[in-house]
Amino acid sequence: MISVEQVFKSVTDSTGTLDILRDINLRFAERETVAIVGASGSGKSTLMAILAGLDTPSRGAVRLQGQDLFALSEDQRAAVRAQKVGFVFQSFQLLGNLTALENVMLPLELSGARDARARATQMLERVGLGQRLAHYPKLLSGGEQQRVALARAFVVEPAVLLADEPTGSLDFATGQTIMELMLALNRERGTTLIMVTHDRAIAAQCERRITIEAGAVL
């Protein structure tokens, strides 16, 4: 599904050059669940951004279903993300002026889907929020907001789901429930799940774990 080939990432400022990622070579299989773990500042979030084509490597290649993301223009990468990649964030990233239903409908509407309302409603019912369609984010608990975020990510039927600390803002019990739901949705839809987390117990629920330290894979 994704191959990462000799990826380096460095930044230079007045104090010199900082190597953030060093010679990363990874493969992610179709339908696989993978946790990327490491201390704060290890480079795991930078790697996630590069996998999504949101950040560019200093050198190296990332191929999504055989397509080199960095041979594309920024607009072309955005189109690939819209078609093939779903995102779940620690801070939910819901739009406060839209209801739960409207938040989930948004990516479908942007892609021109004619059945956005029906698909978004069905997805929210699947995550247990059928009675919260008209609620705004501020009226939802943290766990409910993350369920909306999961519905928004999966409703576009992505090939890949990238999750950045998806349980980081939640208490243990709620986080475990969200993790179980995310893995269940992943199995149902045959998605490749790549998750960044600092929580080893959460990471252990994935099929494979990758540890990054000082910008390199251990």
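A crossing counts as left-handed if the near helix is turned anticlockwise from the far one by less than a right angle, and as right-handed if clockwise. Keep that in mind for the tour.

You're looking at a predicted model, where local features need pLDDT of at least 70, side-chain atom pairs count only at pLDDT 80 or more, and totals for chains, interfaces and linings use all residues. Residues are numbered from 1 along each chain as its sequence is written, and side-chain values use heavy atoms, with hydrogens and water left out.

Start by selecting helix 3 (100-110) and helix 4 (residues 116-126); helices here are DSSP runs of H or I, at least four residues, numbered from the N terminus. Helix 3 passes helix 4 in a right-handed crossing. Their axes, lines fitted to C-alpha atoms over the stretch in contact, sit 9 Å apart at an angle of about 130°, on a scale from 0 to 180 degrees between N-to-C directions. Show side chains for A100, L101, V104, M105, L108 and E109 in helix 3, which meet A116, R117, R119, A120, T121 and L124 in helix 4 (contact means heavy atoms within 4.5 Å).

The axes of helix 3 and helix 5 come within 8 Å and cross at roughly 25°, so helix 3 is roughly parallel to helix 5 (the label covers angles under 35 degrees). This crossing is right-handed too. On the helix 3 side, pick A100, N103, V104 and P107; on the helix 5 side, V148, A151 and R152.

Methods
Helices (H or I, at least four residues) and strands (E, at least two) are DSSP runs, numbered from the N terminus. Angles under 35 degrees count as roughly parallel, over 145 as roughly antiparallel, 65 to 115 as roughly perpendicular and the rest as oblique.
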